[in-house]
Amino acid sequence: MTASAPSPEKIEQFRQQLKSDWTRDETVAAWRKWHKEIAAFTRGATEALLNEANIQPGQIVLDLASGVGDPALSIASKVGPFGRVIATDLGPDMMSLAAELAAGQNLHNIEFREAAAESLPFADATFNLVTCRFGAMFFPDLHKALVECRRVLKPGGKIVFIVWGVREQPFTTATVDVLLKYVTPPEQDPDAPSLFMFGVRGRFQNALQLAGFQSVKEEHLSVPARWPLPVEEYWTQFTEVSRPFRPLLAQLSPEKLAEVRAEALTGLQKYIQDGRITFPLQIVLASATRP
């Protein structure tokens, strides 16, 4: 453990909170409801991960924090019938939709397992590739999780992660910043995992190097994101899916909530192109190989 690492007690507290937040019924229901639109909206991030991963037929791939199946299902289609994907998440409910989608796509080379990134139930040197899309910023013990990823990778195997970049981007200014004008969030523990923690340049690169990886790369990218439904539906999706902000929305009276919605919808209008919201998403692509 590094000198700046949180205490084991704090890490356990973060771990319990993470599981509670992401396995509760309303979170699962919201992600099931909006999965198709979110997959379309974040397709640029998924494609950046897939391009960096350079997936080959026959590979064995582990996908962490798979949720409703992005990018695990895309990876399964690329490794082919002689390859294999194991998709993991903290609980089975979120992955149940991914399993349904896999069956609908006739993908028989994907398996769904409940697992935390910090204690992977797999043998050493099992996988050619470990991927994770928009999950690593929530790992309670990032260093332990990355060491586990290195352990289960075959020598020369690759890790490819996508996380959020800087906080100051339309994705947040058009929604979160409007909300925070009306309600004050509780004080955040500085040691706690956070959505935009890897917007600091070099942070993920340093974490991968400390975990013993080589050929480490960190790229800060801007990828296009197009919301496929009317602007009002984007706000509704935000209020239902955004797990960290639902408690804040719940503090507002119906009148104040209507004010927040109206202000957000007005601000979102400047991002409309051809009738649909189009954002540049600021993301971080991090990759490395096991020696």
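Modeller: Helices (H or I, at least four residues) and strands (E, at least two) are DSSP runs, numbered from the N terminus. This is a predicted model, in which local features need pLDDT of at least 70 and side-chain atom pairs count only at pLDDT 80 or more, while totals for chains, interfaces and linings use all residues. Residues are numbered from 1 along each chain as its sequence is written, and side-chain values use heavy atoms, with hydrogens and water left out.

Colleague: How many helices and strands are there in the chain, and how is the radius of gyration of the chain to be read?

Modeller: The chain holds twelve helices and eight strands. The radius of gyration is taken over C-alpha atoms, and the globule rule is 2.2 Å times the number of residues to the power 0.38. Here the radius is 19 Å, close to the 19 Å that the rule gives for 291 residues, so the chain is as compact as a globular protein of that length. Along the principal axes, its C-alpha atoms fill a box of roughly 55 × 45 × 35 Å.

Colleague: What percentage of the residues of the chain count as buried?

Modeller: Buried means under 20% relative accessible area, exposed over 50%, and partly exposed in between, with a 1.4 Å probe and protein chains only. By that rule, 50% of the 291 residues count as buried.

Colleague: Which residues are buried in helix α9, and which in helix α10?

Modeller: In α9 (residues 203-210), the buried residues are Phe204, Ala207 and Leu208. The arc to consider is that of the directions from the helix axis to the C-beta atoms; in α9 the buried residues fall within an arc of 95 degrees, so they line one face of the helix. Taking contact to mean heavy atoms within 4.5 Å, these buried residues of α9 pack against α6 (142-152), β5 (153-164), β6 (214-226) and β8 (276-289). After α9 comes glycine 212, whose phi is positive, near 95 degrees. In α10 (residues 231-241), Val231, Tyr234, Trp235, Gln237, Phe238 and Val241 are buried, and they cover an arc of only 160 degrees around the axis, which puts them on the same side of α10.

Colleague: At what angle do helices α1 and α2 pack?

Modeller: Axes are lines fitted to C-alpha atoms, for helices over the stretch in contact, and angles run from 0 to 180 degrees between N-to-C directions. Helix α1 (residues 8-23) and helix α2 (residues 25-41) pack at about 50 degrees, with axes 5 Å apart. Angles under 35 degrees count as roughly parallel, over 145 as roughly antiparallel, 65 to 115 as roughly perpendicular and the rest as oblique, and α1 and α2 are therefore oblique to each other. On the α1 side Asp21, Trp22 and Thr23 meet Asp25, Thr27, Val28 and Trp31 of α2.

Colleague: Where are the positive phi values in residues other than glycine, such as alanine 65 and serine 215?

Modeller: Alanine 65, with phi near 50 degrees, lies in the loop between β1 and α4 and is partly exposed, with a relative accessible area of 30%. Serine 215, whose phi is also near 50 degrees, is found in strand β6 and counts as exposed at 56% relative accessibility.

Colleague: Which peptide bond is cis?

Modeller: The bond from aspartate 70 to proline 71 is cis, with omega near 10 degrees, and proline 71 is found in the loop between β1 (60-64) and α4.
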